[in-house]
Amino acid sequence: METLAIAEVISVTSIGMGTRVCLDVIDKLEPVEGLLVGNTGNGYLLILSENRSTNTYPPRPFRMNGGAIHQYLYLGEGKTTYLSEVKPGLEVPIWLGNEARKVAVGRVKVEKRPFLRVVCQIEGTEQEISATLQEADSVHVLTADGHAKAVLDLEKGDRITCYPDQPGRHLGNKIDEEISEY
């Protein structure tokens with residue numbers, strides 16, 4: 001069983017425009033359910049469903065904004081896929097705490113948007129993980145105390161939920177290799 005952990009935010013940097021991927025699934029999501037995404041195989045951040053009202057968006061209880069197109073989506077059991085490769089019909093794990101349920105993707109929505117790079121250090125280690133997330137008030141992460149926090153409000157020192165991993169993938173499957181990813 002996978003166990004989620006806590007990471008401390010080291011930096012949040014605006015990095016410009018790019019292509020984002022939203023996954024609309026075929027079931028209603030709870031406000032603190034989400035996906036695990038990240039820039040590298042070092043680990044992934046828990047990105048929550050858009051199941052809350054913001055200043056600019058009504059709730060979308062079926063949507064998760066996975067962030068930049070190049071990122072890994074953690075599928076569980078050591079497997080990943082790139083967000084760019086997700087197609088309707090793929091069952092993805094929707095995480096609520098350390099439990100995941102599989103839900104099929106109904107639609108993939110790809111658009112140009114501004115991005116933030118969020119870099120964190122996993123508590124109790126020197127391991128860094130990062131994610132490239134849309135710079136929008138509809139994108140939230142889960143704090144260590146179980147609350148949703150907009151990525152626009154993230155600050156150095158914030159503690160957020162993550163899943164630590166080890167890099168090394170071939171076609172989404174975990175392999176043993178010597179690799180450095182940043």
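Trainee: Let me start with C120: is C120 buried or exposed?

Mentor: A residue counts as buried when its relative accessible area is under 20%. This is a predicted model, and in it C120 has 0% relative accessibility, so C120 is buried. You will find C120 in strand β8.

Trainee: Which residues does C120 touch, not counting those up to four places away in sequence?

Mentor: The list is A7, E8, V9, I10, L45, Q127, E128, I129 and I160. Take V9 from that list: V9 and C120 are 111 residues apart along the chain, yet their C-alpha atoms are separated by 4.3 Å.

Trainee: Which residues have the most contacts inside the largest nonpolar core?

Mentor: C120 is one of them, along with L35, L45, L73, V92, I94 and L133, in a core of 33 residues. Strands giving two or more residues to this core include β1, β2, β8 and β12. The largest share, six residues, comes from β8. Apart from this core lies another, of ten residues, among them L36, Y44, L48 and W95.

Trainee: And what does V92 contact, leaving aside neighbours within four places in sequence?

Mentor: V92 is in contact with V25, L35, L73, L75, R101, K102, V103 and V105.

Definitions and conventions. Residues are numbered from 1 along each chain as its sequence is written. This is a predicted model: local features need pLDDT of at least 70, side-chain atom pairs count only at pLDDT 80 or more; totals for chains, interfaces and linings use all residues. Side-chain values use heavy atoms; hydrogens and water are left out. A nonpolar core is a set of buried Ala, Val, Leu, Ile, Met, Phe, Trp, Tyr and Cys residues joined through side-chain atoms within 4.5 Å. Buried means under 20% relative accessible area, exposed over 50%, partly exposed in between (1.4 Å probe, protein chains only). Helices (H or I, at least four residues) and strands (E, at least two) are DSSP runs, numbered from the N terminus. Contact means heavy atoms within 4.5 Å.
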